[in-house]
Amino acid sequence: MEPRLQRRYLQLVQEHMKSANRNAAGPSLLPGENQAFSATQATWRFLSNPNVSLLDLIEPLREVGRQAASQSESAYMLLAHDWCKIDYKSHTAKKDLRQITHEHDIGYEMSTSLLIDGASGDSIAPMQMHLKTGDAVHSTSLNPPAIDVHRLDELPPTMAQSQQWGLDRKLVHVIDREADSLGRMRQWDELGHLFLVRCDDRRVKWNGQSVLLSEIADHFDREILFEPCGEALYHGKRVTQEVAETEVVLHRQHSEVVDGKKCLKSGKPLSVRLVVTRLLDEDDYVLAQWTLLCNVRDASINSYQVALWYYWRWLIETYFKLLKSHGQELEQWQQQGGGAIARRILVASMACVAVVGLQNDQSEEAKKTKKILIRLSGRQMKYGVESTPPALLAGYMILLSMTDLLESPDIDIGQLKQIAANALPFRLV
């Protein structure tokens with residue numbers, strides 16, 4: 001982008017560094033901006049400017065990803081893929097809405113690929129986004145998917161393009177059980193892509209026998225093959241985590257749609273790692289259990305690491321939450337088309353990346369900064385929780401306002417203290 005648009009981009013990112021109000025029609029007014037109308041008009045022009053492409057706006061996020069990958073202690077980075085609905089059924093001004101499931105389920109569909117550090121589990125940045133409206137797909141891809149393409153068929157192009165992002169690490173694509181498709185797993189493996197998928201019960205070949213995955217998990221339990229590997233959080237409580245692993249072969253036919261008809265096709269047997277991980281309470285009661293399939297054949301990556309990788313996939317749900325309800329209030333945005341919404345999502349994402357990066361930073365300077373922002377935010381933290389990204393967002397804009405006020409030549413500390421003392425209609429004795 002030209003320098004003028006770059007400056008506007010940086011200003012918009014700062015304006016999104018705030019926990020948004022549901023009733024606000026646009027981003028916050030920065031301290032020193034005296035005219036709300038002119039700031040709103042500038043935002044509208046930027047988000048509607050055809051010279052501001054999604055490829056321009058995704059590049060700063062990818063640069064954050066490249067820097068984080070270069071500093072990672074792991075040879076692997078995770079790319080978590082997921083989809084979410086953006087509910088706009090009450091936004092009658094948006095003329096490009098799509099029906100997602102039923103006639104009252106109206107809005108846009110957003111798919112995101114979030115980069116996660118393979119060593120620390122830190123959430124880094126969204127690296128790819130598709131926003132599907134009623135008449136177009138607004139995408140950060142060089143070759144956007146067609147509007148009628150199944151969401152899982154969007155993955156192979158993203159997997160291929162991710163190799164051109166300059167991350168200098170092996171990428172493991174982590175997907176929930178929606179991607180439990182033998183045909184797709186065969187395709188990804190043949191193309192050389194690493195994957196980790198949560199799966200349902202299916203029949204596989206194990207030790208030369210055709211068995212169900214659930215039968216293998218039962219065998220692990222009977223033979224006491226599960227190994228404790230540490231603790232995890234389950235609904236806010238500390239629980240014990242166990243894992244067990246073996247190798248299985250996906251050997252059966254898979255289904256494909258050919259000329260509009262579903263048919264069975266044979267494929268090359270695919271050898272993968274089966275990792276079963278479960279969470280137990282203090283009475284050894286199984287609270288949750290996941291069955292994972294992974295084609296990372298590196299012996300240095302143990303079963304516990306694979307289980308952690310899937311556990312970290314949930315960070316993409318946290319990212320959606322920060323965008324939609326606990327930070328940016330995406331579903332309240334008033335822009336009237338998918339193109340402007342897509343641009344604003346990428347701007348707001350950079351603000352989210354900034355606070356999440358601060359949240360992940362454990363340096364002494366970062367700890368002091370977080371303490372100040374939480375104090376300014378007025379938020380109450382749960383016991384044992386020092387900060388959260390929404391609270392950091394809430395404190396940041398107050399910090400900017402306070403700094404702007406203190407730099408004003410006609411304001412002094414004594415005057416501010418006097419104003420605060422006189423603010424209450426009564427005095428405490």
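Modeller: Strand 6, residues 170–175, is mostly covered, since 5 of its 6 residues are buried. This description rests on a predicted model, and each value that follows is computed from it.

Strand 6 has a partner in strand 1 (residues 76–87); the two pair in the parallel sense over 6 bridges. Within this pairing, Leu-78 stands opposite Val-172 of strand 6. Strand 6 is also joined to strand 7 (residues 194–198), again in parallel, by 4 bridges. Here Val-174 has Leu-196 in strand 7 as its bridge partner.

Strand 6, helix 5 (residues 182–190) and strand 7 together make a right-handed β-α-β unit. The buried residues of helix 5 are Leu-182, Gly-183, Arg-184, Met-185, Arg-186 and Trp-188. Just after helix 5, Gly-192 takes a positive phi of about 85°.

Strand 7 is likewise mostly covered, with 5 of its 5 residues buried. In a regular strand, side chains alternate between the two faces of the sheet. In strand 7, Leu-194, Leu-196 and Arg-198 point one way, while Phe-195 and Val-197 point the other way, and all are buried. Arg-198 has Leu-292 in strand 15 as its bridge partner.

Is Arg-203 buried, exposed or partly exposed? Its relative accessibility is 30%, and Arg-203 therefore counts as partly exposed; the limits for that class are 20% and 50%. Leaving aside neighbours within four places in sequence, Arg-203 is in contact with Ser-210, Val-211, Leu-212, His-251 and Arg-252. By way of a distance, the C-alpha atoms of Arg-203 and Asp-122 are separated by 35 Å, and these residues are 81 apart along the chain.

The buried residues of helix 10 are Ala-366, Lys-370, Leu-373, Ile-374 and Ser-377. Because these residues cover an arc of only 100° around the axis, they lie on the same side of helix 10. They pack against helix 9 (338–360) and helix 11 (389–406). The face turned away from this buried side carries the exposed residues Glu-364, Glu-365, Lys-368, Lys-371 and Arg-375. Just after helix 10, Gly-378 takes a positive phi of about 75°.

These parts may finally be set within the whole. The protein chain has 12 helices and 15 strands. Its radius of gyration is 25 Å, close to the 22 Å that the globule rule gives for 429 residues, so the protein chain is as compact as a globular protein of that length. Along the principal axes, the C-alpha atoms fill a box of roughly 85 × 55 × 40 Å. Of the 429 residues, 47% count as buried. Among contacts between residues at least 6 apart in sequence, 61% join residues at least 24 apart.

Key: Residues numbered from 1 in each chain as written. Predicted model: local features only at pLDDT ≥ 70, side-chain atom pairs only at ≥ 80, totals over all residues. Heavy atoms only, no water. Buried < 20%, exposed > 50% of the residue type's maximum accessible area, 1.4 Å probe, protein only. Arc of directions from axis to C-beta. Contact = heavy atoms within 4.5 Å. Pairing = 2+ DSSP bridges. Right-handed = clockwise from strand over helix to strand, strands pointing away. Rg over C-alpha atoms; globule rule 2.2 N^0.38 Å.
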